[in-house]
Amino acid sequence: VYVFLNFFTPQDFSAANMISNLFFMCGTVIIAVSINYVRYKLIRQEFYLRTELRKARDALWGEMELAKKIQTSILPENERLGVYQIAAIMKPADEVGGDYYDFFQLSKDKLGIVIGDVSGKGPEAAFHMAEIKGVIESLSHIYESPMEILIRTNKIIYENLDPDMFITLSYGMLDTKTNTLKFSRAGHCPLIHYVYDEDEVRLIEPHGIGVGLEKGDLFTSNIE
């Protein structure tokens, strides 16, 4: 730089100034290179993190899709038993959730019907939903009383359920021979009964607390 300027403005070179400016220019170059190197590293790290995040998101999405398929596959299709037609539909808030319904034939003239909801959403709620399905379907082939089935379900589920979770259930047994429905409720929504002859809707709401809230005595004394 000094040699170049000397062609236009002839002047004596100052060794001290030259060394000072050389140090300044070298320092500026080093700082510029360092900044660009750090910037390059940050961009590269950001690209790597975005790639890993995309992989994790795709993997999680795949797992959620699989869980959704499993959940919907264990729910029954619409069914007819005698003059009765059973129809149901479920639309979870998330990909998977804890909403649950099931109906299964107990004998030629009897059908077990269960509706429930696991507190919370996501895979954990769906897992407990599948657990409830297996427990109730097994107990319904041993006991006839809906109240007894829910009491024993509570005792089994209580041991495996997280303390901050619970499950509301309604279980009923439809007898097409006598045209009666016996059911019990464990904290779930009331049963809606439409009386055709009177064109009236009635709410049937027997006592009962949610499954998993209490180990046994309180649950048993409150259910009807």
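User: What makes Glu 198 and Arg 202 a salt bridge?

Analyst: This is a predicted model, so everything here is computed from it. The closest N and O atoms of Glu 198 and Arg 202 are 2.6 Å apart. The cut-off is within 4 Å, for a side-chain nitrogen of Lys or Arg and a carboxyl oxygen of Asp or Glu, so the pair gets the name.

User: Why is Glu 198 called partly exposed?

Analyst: Its relative accessible area is 47%. Buried means under 20% and exposed means over 50%, so a value in between is called partly exposed. Arg 202, with a relative accessible area of 33%, gets that label too, because 33% falls in between.

User: How do you know that Arg 202 and Glu 200 form a salt bridge?

Analyst: Their side chains come to 3.8 Å, N to O. That is within 4 Å, so the pair counts. As for Glu 200, its relative accessibility is 35%, so it is partly exposed.

User: Where else do salt bridges share partners?

Analyst: Asp 102, Lys 133 and Glu 137 are joined into one network that way. Within it, Lys 133 and Asp 102 have their closest N and O atoms 2.8 Å apart.

User: How do you know that the length of H3 agrees with what a helix should span?

Analyst: Count 1.5 Å a residue, and the 17 residues of H3 should span 24 Å.

User: What makes Ala 125 buried?

Analyst: Ala 125 has a relative accessible area of 1%. The limit for buried is under 20%, so Ala 125 qualifies. This residue lies in helix H3, where the buried residues also include Ala 126, His 128, Met 129 and Ile 132. The C-alpha atoms of Ala 125 and Tyr 100 are separated by 10.0 Å, and these two residues are 25 apart along the chain.

User: Why is the pair of Tyr 101 and Phe 103 called stacked?

Analyst: There are two steps. The ring centres are 6.3 Å apart, and the limit for a pair is within 6.5 Å, so the rings pair. Their planes stand at 25°, and under 30 degrees counts as stacked, so that is the name. A search of the whole structure finds one aromatic pair.

User: Which residues line the second largest pocket?

Analyst: Tyr 101 is one of them, along with Met 90, Asp 99, Tyr 100, Ile 115, Gly 116, Asp 117 and His 188. S3 and S4 each supply at least two residues of this lining. The volume is about 160 Å³. By type, the lining divides into four nonpolar, two polar and two charged. The two Asp residues are what count as charged, because Asp is on the charged list.

User: And what about the largest pocket: which residues lie nearest its centre?

Analyst: Ile 113, Ile 115, Leu 181, Leu 191 and Ile 192, out of 26 lining residues. The volume of the largest pocket is about 740 Å³. Its lining divides into 18 nonpolar, seven polar and one charged. Several strands each supply at least two residues, among them strand S4 (110–121) and strand S7 (191–195). The largest share, four residues, comes from S5.

User: Why is Leu 181 called partly exposed?

Analyst: Its relative accessibility is 42%. Buried would need under 20% and exposed over 50%, so Leu 181 counts as partly exposed. Leu 181 has its place in strand S6. The C-alpha atoms of Leu 181 and Ile 113 are separated by 9.7 Å, with the two residues 68 apart along the chain.

Note on methods: Residues numbered from 1 in each chain as written. Predicted model: local features only at pLDDT ≥ 70, side-chain atom pairs only at ≥ 80, totals over all residues. Heavy atoms only, no water. Buried < 20%, exposed > 50% of the residue type's maximum accessible area, 1.4 Å probe, protein only. 1 Å grid on protein atoms, 1.4 Å probe; cavity = no way out; pocket = protein on both sides within 12 Å on 5 of 7 lines; lining within 4 Å. Points joined across faces, edges and corners; volume = space filled by probe spheres on them. Expected span 1.5 Å × (residues − 1). Phe/Tyr/Trp six-rings, centres within 6.5 Å; stacked < 30°, edge-to-face > 60°.
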